[in-house]
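Trainee: Could you take me through this structure? I have not looked at it before.

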Amino acid sequence: MKNPETILITGASSGIGAALAARYAAAGKTLFLCARNTKRLNAVKKTCEEKGARVFAEKIDVTDAKSVKNWIKRCHKIAPVDLTVANAGVSVGNGGEIESEDDARALFAVNIDGVVNTVLPSVDLCLKRGAGQIALLSSLAGYRGLPGAASYSASKNFVRAWGEALRGSLKKRNVEINVICPGFVKSGITAKNKFRMPFLMEADKAAAVIAKNLAKNKGRITFPKPLAFAVWLLSCL
């Protein structure tokens with residue numbers, strides 16, 4: 001969608017979510033933002049309001065399917081959402097150790113269930129409206145299972161595959177689906193990493209790339225290009 005007027009973003013208190021909110025914030029825009037960290041979320045809300053946007057920010061746990069569904073319905077009643085970004089995600093960040101059962105399940109609850117909880121009610125409302133765009137945040141780590149990041153890479157692989165399948169299924173229904181596969185972007189997630197991160201990007205630069213390609217309705221948005229090519233080649237091998 002070239003110029004979405006109403007945007008909903010989960011996990012909007014930091015990283016890509018916060019950067020996208022700031023990117024889209026402008027006079028005449030309506031933003032619906034959610035996250036678990038109220039203090040950081042309110043700071044993002046203030047930044048976006050200073051840019052002229054109308055902002056509704058709410059503390060939501062994306063693992064709670066009922067709460068997410070009710071929140072999305074409330075948002076659509078205030079203003080039909082043009083663009084939904086299922087961005088909320090976490091990592092274990094344990095330095096390459098095998099994840100504990102609790103860590104793995106907690107990660108899947110956010111990175112898989114949280115995305116499903118956001119996308120499904122959004123799809124239903126888009127279909128009723130006959131229009132809309134939904135972006136799913138995957139990762140270049142989702143191209144294959146990565147030793148030391150088993151749960152994270154598996155969760156992002158799910159998001160990528162599911163999103164690409166939905167895109168094909170909903171194309172004729174006038175609902176745009178996009179899968180975003182970034183490399184390393186400065187955020188709370190990458191801050192936990194104890195290894196070298198090639199082509200590490202600032203969140204605002206990543207948001208610019210994402211917004212530009214969402215406007216073009218690109219199916220799979222991968223960046224930075226050198227790392228994306230290397231990961232793709234590795235998956236082929």
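Mentor: We shall discuss the sheet, the helices beside it and the cysteines. This is a predicted model, in which local features need pLDDT of at least 70 and side-chain atom pairs count only at pLDDT 80 or more, while totals for chains, interfaces and linings use all residues. Residues are numbered from 1 along each chain as its sequence is written, and side-chain values use heavy atoms, with hydrogens and water left out.

Trainee: What is the order of strands in the open sheet?

Mentor: The order is S3-S2-S1-S4-S5-S6-S7, seven strands with parallel pairing. Strands (E, at least two residues) and helices (H or I, at least four) are DSSP runs, numbered from the N terminus. Two strands pair if DSSP finds at least two bridges between them.

Trainee: Which strands stand at the edges?

Mentor: Strand S3 (54-59) and strand S7 (220-223) do; each has a single partner strand, so one side of each lacks a neighbour in the sheet. From one strand to the next, the twist averages 15 degrees.

Trainee: Which strands does S4 pair with?

Mentor: S4 pairs in the parallel sense with strand S1 (residues 6-9) over three bridges, and with strand S5 (residues 132-137) over four bridges. Leu-83 in S4 stands opposite Ile-7, and Val-85 stands opposite Ala-135 in S5.

Trainee: Which way do the residues of S4 point?

Mentor: In strand S4 (residues 83-86), Leu-83 and Val-85 point one way, and Thr-84 and Ala-86 the other. In a regular strand, side chains alternate between the two faces of the sheet.

Trainee: Are those four buried or exposed?

Mentor: All are buried. Buried means under 20% relative accessible area, exposed over 50%, and partly exposed in between, using a 1.4 Å probe and protein chains only.

Trainee: Which strands does helix H5 lie across?

Mentor: Helix H5 (residues 150-170) lies across S5, S6 and S7, at about 155 degrees to S6. Helix H6 (residues 203-215) lies across S4, S5, S6 and S7, at about 155 degrees to S7. Contact means heavy atoms within 4.5 Å; axes are lines fitted to C-alpha atoms, for helices over the stretch in contact, and angles run from 0 to 180 degrees between N-to-C directions.

Trainee: New topic: how many disulfides are there?

Mentor: A search of the whole structure finds zero. A disulfide is a pair of cysteine sulfur atoms within 2.5 Å.
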